[in-house]
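User: Could you take a close look at one part of this model for me? I'd like the aromatic pairing and whatever surrounds it, in one connected walk-through.

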Amino acid sequence: MFTLSAELTFYIPQAVSLKDKRHVRRSIIDKTRHKFNVAIAEIDTQDAVQTLTIGIAVVSGETAHRQNAIDEIVRFMESHAEAELTSVEIE
């Protein structure tokens, strides 16, 4: 069994309140979880209005599959129109 995790940081320019941020966070997390069935959650910057940090984890029986899955998830999340992906750290 192999695991791989990633930390993604997004900038949400239109967010002026935590309520705006929650709306974007919910959209990104729900769409990603539904499409890929991965573990995903907000992991940091909960009080920062325009910054969203999300962690994802993939478990697989093959090392190549886990890396391909993370790459596909990052591309999917990067295409989200409401937030700009600013950094990705894969561990």
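**The aromatic pair and its helices**

Analyst: Searching the whole structure, which is a predicted model, turns up one aromatic pair. Phenylalanine 36 sits in helix 1 (residues 18-36) and phenylalanine 76 in helix 2 (residues 63-78), so the pair ties together parts that are 40 residues apart in sequence. Phenylalanine 36 counts as buried because its relative accessibility is 19%, under the 20% cut-off. Phenylalanine 76, at 26%, counts as partly exposed.

Now the helices themselves. Helix 1 and helix 2 pack at about 145 degrees, their axes 11 Å apart, and the crossing is right-handed. On the helix 1 side, Ile28, Lys31, Thr32, Lys35 and Phe36 make the contact, meeting Glu72, Ile73, Phe76 and Met77 of helix 2. Sorted by class, that contact has five nonpolar, one polar and three charged residues.

In one, glutamate 42 meets lysine 21 at 3.2 Å, N to O; glutamate 42 belongs to strand 2 (residues 39-44) and lysine 21 to helix 1, 21 residues apart. Both glutamate 42 and lysine 21 are buried. Glutamate 42 also bridges to arginine 25, with the closest N and O atoms 2.9 Å apart, and this pair again links strand 2 to helix 1, across 17 residues. Arginine 25 is partly exposed, with a relative accessible area of 22%. Through shared partners, the salt bridges join Lys21, Arg25 and Glu42 into one network.

Methods: Residues numbered from 1 in each chain as written. Predicted model: local features only at pLDDT ≥ 70, side-chain atom pairs only at ≥ 80, totals over all residues. Heavy atoms only, no water. Phe/Tyr/Trp six-rings, centres within 6.5 Å; stacked < 30°, edge-to-face > 60°. Helix = DSSP H or I, 4+ residues; strand = E, 2+ residues; numbered from the N terminus. Buried < 20%, exposed > 50% of the residue type's maximum accessible area, 1.4 Å probe, protein only. Axes fitted to C-alpha atoms, helices over the stretch in contact; angles between N-to-C directions. Left-handed = near helix turned anticlockwise from the far one by under 90°. Contact = heavy atoms within 4.5 Å. Nonpolar A, V, L, I, M, F, W, Y, C, P; charged D, E, K, R; others polar. Salt bridge = Lys/Arg side-chain N within 4 Å of Asp/Glu carboxyl O.
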